[in-house]
Amino acid sequence: MQSHISFPTSSVDPLFVPAFDGKFDMEKVKVDVAKWIMIHEYAFSAVEDEWYNIMMKRNNPEWMPISRTTIRNQCVRIYESEKKKLKNEFKYVNKMSITTDCSKSKNKKIEYFVITGHWIDQNWRLQKRVLNFVEVPPPHRGVDIANVIWRCLEDWSIEGKIHTVSVDNASANDSAIENLKVFIRSKKKLLCERSLFHVRCCAHILNLVAQDGLSEIKNVIECVHDSVDYIRRLDSRLKIFTEIVKQLNLREMKLIEDCKTSPSDWKKVVKVCSLLEVFWKATHVISGSYYSTSNLFLQEVVWVKVELDSKSQSSDDFIYDMVDSMKCKFDKYWGESNLLIAITAVLDPPYKMMALEFFFPKLYSPEKAATELAFVRRTLYDLYSEYVSMCSAESNASGEDRTRGDEFQHQSMW
């Protein structure tokens, strides 16, 4: 029986929250408050709020106010404690993948680099943790990104456990991965001559393809944005809009045409939405957080390709021009099979090589499909051989250790 790999859905189990035993422990409460602050990303000053302290005092007369400095220090202590436990857990992890991304602060002035680790624990559960969240001032050169990742891996002592790195398609990331390969190679051998190490973000590729299509109707989109802004600007307009929606028994709220957007623009919007639906569905599946998704990537990408091919036969000039631009972008990134995605599709027990035999002809010409299929098959054999060699080496090393131990014990007895 195949076990299901899934993420724990919650980090807090109400059944394991200890019941109140009649003794109020302010130190334990500080820990809970600190976790509350961190989980919800509240400001430290939240604990100094007047009504918060009134509420806590009313619930327990022994409650003592906590300063923002105290709760900040408590958060740091919890972080250091959790980091120590996680670092110890990593000792029993053999393989790990990392994903990276850039995010901006709310004022969009400070850019942060986020590194997340993904692995399967000893209980066959998917795990993921943010390993680093660090400010990286522009420009984001490849060597700078590689250094940030490498310092993070060294800090967690996992530089010899990394098998794949997933990044978006920025050119700086390509350079970063090449630099990172040099660092990693000094610690371990990468599988299949490093061909599986660099993983491009599938959702980001789909987004780039969709954006290419949307660029063809930039003016229409701006009109729609103006329509939304027109309605939301005044409460009176929003009220009238809501009443119209109810009168027409609409399932979803649709914008009224009493604005500068013409009826022909609305028709274009409807056509675009029908095309982008397949992108939305694919991204929704691929971006799942609580189940393994890599085995689903290939089929979702294929359905996008099938939809683009179908729309490219349209007699509507507007649809044809938009899809033509999207197909060019799609072929740029999927002109050759994504090796890791193809392998994970094959390793899905119900499908095996049949998955590629079914999907590749929909992605490529017959000749190209046969070439890619042969390449993936050959890579699978190479990958299997490498694992056999690795296991043999580990077995030999374990055997030598046991032999040395027996010899030492024999000598000690004499």
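The model is predicted, so local features need pLDDT of at least 70 and side-chain atom pairs count only at pLDDT 80 or more, while totals for chains, interfaces and linings use all residues. Residues are numbered from 1 along each chain as its sequence is written, and side-chain values use heavy atoms, with hydrogens and water left out.

Is K329 buried or exposed? I noted a relative accessible area of 18% for K329, so this lysine counts as buried (under 20%; exposed is over 50%, partly exposed in between; 1.4 Å probe, protein chains only). Leaving aside residues up to four places away in sequence, K329 touches L208, V209 and D212 (contact means heavy atoms within 4.5 Å).

**Strands.** I then turned to β1, residues 96–104, which pairs in the parallel sense with β4, residues 162–167, over 4 bridges; pairing requires at least two DSSP bridges between two strands. M96 has I162 of β4 as its bridge partner. With β2, residues 111–120, β1 pairs in the antiparallel sense over 8 bridges. T100 has I115 of β2 as its bridge partner.

**Whole chain.** I recorded 14 helices and 5 strands. Of the 414 residues, 33% are buried. Of the contacts between residues at least 6 apart in sequence, 65% join residues at least 24 apart. The chain exposes about 26900 Å², with 54% of it supplied by carbon and sulfur atoms (Shrake-Rupley method, 1.4 Å probe; for residues, only the protein chains shown count as cover).

How values were computed: Helices (H or I, at least four residues) and strands (E, at least two) are DSSP runs, numbered from the N terminus.
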